Amino acid sequence: MFVSYLILTLLHVQTAVLARPGGESIGCDDYLGSDKVVDKCGVCGGDNTGCQVVSGVFKHALTSLGYHRVVEIPQGATKINITEMYKSNNYLALRSRSGRSIINGNWAIDRPGKYEGGGTMFTYKRPNEISSTAGESFLAEGPTNEILDVYMIHQQPNPGVHYEYVIMGTNAISPQVPPHRRPGEPFNGQLVTEGRSAEEGEEKERNEEKEDLHGAAPEIFTSEAAQPFPVRHPDRFSSHHPDNLVPPAPQPPRRSRDHNWKQLGTTECSTTCGKGSQYPIFRCVHRSTHEEVPESYCDSSMKPTPEEEPCNIFPCPAFWDIGEWSECSKTCGLGMQHRQVLCRQVYANRSLTVQPYRCQHLEKPETTSTCQLKICSEWQIRTDWTSCSVPCGVGQRTRDVKCVSNIGDVVDDEECNMRLRPNDIENCDMGPCAKSWFLTEWSERCSAECGVGVRTRSVVCMTNHVSSLPLEGCGNNRPAEATPCDNGPCTGKVEWFAGSWSQCSIECGSGTQQREVICVRKNADTFEVLDPYECSFLERPPSQQSCHLKPCGAKWFNTEWSMCSKSCQGGFRVREVRCLSDDMTLSNLCDPQLKPEEKESCNPQDCVPEVDENCKDRYYNCNVVVQARLCVYNYYKTACCASCTRVANRQPGFLGSR
């Protein structure tokens with residue numbers, strides 16, 4: 001009974017100290033008169049050295065639309081503040097490392113509010129006032145129980161995102177902020193209760209001496225006694241007396257023994273569902289009749305402090321939480337927009353996302369909708385087709401097509417529907433063309449370092465736009481692709497001799513080529529094959545190499561020179577030059593500075609009088625007859641006698657008769 005008496009006395013003293021009106025303040029360590037406060041690290045009486053404040057500004061210039069990670073919030077972070085520097089069309093998003101979206105995930109924008117994630121509650125704010133320049137923000141007290149990632153849904157230039165959080169340092173102690181206490185649980189060695197019933201008070205008063213609650217301070221339990229334990233009635237305590245408990249000193253008499261405090265009901269619950277709170281109502285009543293009397297009849301210092309009690313703990317009905325619409329998918333015309341629709345339930349002042357089947361009693365709002373920001377611009381054809389780019393064969397022609405807004409201004413093509421754009425370029429066929437031999441320049445290097453070698457060039461038959469004569473094919477007079485060259489005699493020189501490369505092992509792509517490489521001594525007219533050892537002091541040419549037939553780049557090709565426009569006193573001749581790619585199609589990748597000349601002067605010598613007065617050209621365009629090789633016919637030989645004779649003198653055997 002002594003133990004019961006002592007514990008109940010302590011309960012009275014503790015309750016009176018915590019509820020003492022007008023008394024000294026209570027510190028964060030729960031002691032009356034203490035001046036300890038919680039520092040920024042959450043440590044009671046700390047000096048702000050037990051933690052580290054991490055802060056910075058994310059200012060990266062982003063180019064692509066979509067989600068971009070801003071910062072990682074580590075496990076155990078507190079005082080979390082993620083805020084845009086100023087308002088923009090971007091959105092902040094939050095997700096866990098496990099991949100669960102907490103705020104603004106899956107391209108859906110959530111409404112501002114409270115969202116639970118990472119073991120804490122985040123407050124999502126999005127100022128919507130027209131005059132406000134404040135940006136979005138996430139705020140949370142923490143601590144987090146997992147790593148979280150903050151993202152930005154980038155839609156316009158990044159205004160900057162300020163982030164700040166607190167993490168406990170290596171030498172930090174755990175926060176000592178008093179937790180929410182439940183009835184019957186000790187804190188810092190002090191046992192606190194929510195109050196006793198009137199019946200318990202009567203029994204206590206019958207077995208206790210009169211006491212003055214202002215006269216004694218609460219006793220401190222040892223660490224053993226500081227563990228949580230339930231409050232027991234006086235007659236249920238064991239007979240064991242802890243050595244560290246001391247009976248209180250006798251107290252002065254109470255004001256009145258005829259009246260005491262009694263709980264008469266509770267306040268109205270703060271919510272109708274989802275776990276609210278209510279408080280007991282204590283009234284002064286007569287001890288015997290239990291009739292309520294004015295509070296002045298009871299000792300105000302003995303009035304129990306009302307403790308919060310849960311009520312209406314059943315969940316509220318689920319409801320559909322509707323997010324904001326996303327931007328329209330089209331800048332003009334009919335597009336689509338989306339929004340997030342989640343099934344939520346409110347419990348303990350928290351809005352929690354639940355399975356959709358809990359909202360099946362409600363019609364689910366639409367998640368997609370059509371939208372139209374403005375009327376699209378339209379395509380207009382401004383000019384007729386141009387003439388064909390070539391005089392014969394297949395070329396191209398163009399016309400001017402513009403995107404015009406609904407007020408007549410020319411705008412970017414993206415403003416119009418690209419799938420409906422009229423063609424502004426098309427092929428045109430001007431009929432077959434004559435053909436000529438096209439040649440590259442001779443290679444600069446001789447194939448042999450000494451003695452006789454060759455230089456090469458490429459030859460191809462192509463259509464010719466210079467001549468309009470009805471020639472068919474390029475004929476059998478294919479220009480030579482190789483010409484001899486001589487770098488001087490070889491005088492007993494020992495060297496490696498490499499044969500010709502074999503064909504590439506494949507027709508296109510990267511393949512290999514083989515060739516024979518032997519050591520020889522060159523004499524004036526003979527070669528002597530030597531042992532490879534004799535050439536070991538020389539670098540041996542490779543006997544195998546890689547080859548790549550296609551693509552091999554673009555080159556300049558040209559036709560043979562035409563006949564000179566005049567036989568004397570200076571004329572000109574022309575040829576056609578084309579840039580051809582690997583597959584012998586027209587290309588624009590050749591170096592313009594290396595382009596061969598297309599026109600040059602010719603026959604600058606003075607004219608020599610005709611020996612035969614009857615051998616004259618009867619037509620002004622006899623040079624065309626010579627170019628077309630028509631001098632073999634008697635008619636043209638007579639009509640263009642002078643021109644045909646000059647050609648015959650330069651090329652014996654040129655003229656014949658048919």
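Predicted model: local features only at pLDDT ≥ 70, side-chain atom pairs only at ≥ 80, totals over all residues.
Strands of a sheet pair through backbone hydrogen bonds, either parallel or antiparallel. In the model, strand β3 covers residues 78–84 and is joined by five bridges to strand β10, residues 161–168. The two strands β3 and β10 run antiparallel. Within this pairing, E84 stands opposite V161 of β10. Strand β3 is also joined to strand β8, residues 137–140, by four bridges, and this pair too runs antiparallel. Here N81 faces L139, a residue of β8.

A further group of strands forms an open sheet of three, in the order β17-β19-β20, with antiparallel pairing. Strands β17 (319–322) and β20 (350–353) are at the edges and have a single partner strand each, so one side of each has no neighbour in the sheet. On average, neighbouring strands of this sheet are turned by 50° against each other, when direction is ignored. Strand β19 is made of residues 341–347, and four bridges connect it to β20 in an antiparallel arrangement. In this pairing Q345 is placed opposite L352 of β20.

Two residues in loops were also examined. S587 belongs to the loop between β38 (577–580) and β39 (599–602). A polar atom of the S587 side chain lies 3.2 Å from the backbone nitrogen of L589. When neighbours within four places in sequence are left aside, S587 is in contact with A554, C579, L580 and S581. The second residue, Y533, is located in the loop between β34 (527–530) and β35 (544–548). The relative accessible area of Y533 is 64%, and Y533 therefore counts as exposed, the cut-off being over 50%. Y533 and C519 are separated by 14 residues in sequence, and their C-alpha atoms are 8.2 Å apart in space.

In the link between C284 and C298, the sulfur atoms are 1.9 Å apart. This link of C284 and C298 is right-handed, with 85° about the S-S bond. It connects distant parts of the chain, since C284 is in strand β15 (residues 280–286) while C298 is in the loop between β15 and β16 (309–311), 14 residues apart. C284 has a relative accessible area of 1% and is buried. C298 is likewise buried, at 3%.

Another disulfide joins C446 to C485, with an S to S distance of 1.9 Å. The link of C446 and C485 is right-handed, at 85° about the S-S bond. C446 lies in the loop between β27 (434–439) and β28 (452–456), whereas C485 belongs to strand β30 (residues 482–486), so the pair ties together parts that are 39 residues apart in sequence. Both C446 and C485 are buried.

The disulfide of C631 and C644 has its sulfur atoms 2.0 Å apart. With -75° about the S-S bond, the link of C631 and C644 is left-handed. C631 is placed in the loop between α3 (622–627) and α4 (634–639), and C644 in helix α5 (residues 641–650), so this pair ties together parts that are 13 residues apart in sequence. The relative accessible area of C631 is 0%, and this residue is buried. C644 also counts as buried, with 1% relative accessibility.

Conventions. Residues numbered from 1 in each chain as written. Heavy atoms only, no water. Pairing = 2+ DSSP bridges. Axes fitted to C-alpha atoms, helices over the stretch in contact; angles between N-to-C directions. Polar contact = N/O pair within 3.5 Å; in protein donor to acceptor, adjacent residues only side chain to side chain. Contact = heavy atoms within 4.5 Å. Buried < 20%, exposed > 50% of the residue type's maximum accessible area, 1.4 Å probe, protein only. Disulfide = S-S within 2.5 Å.
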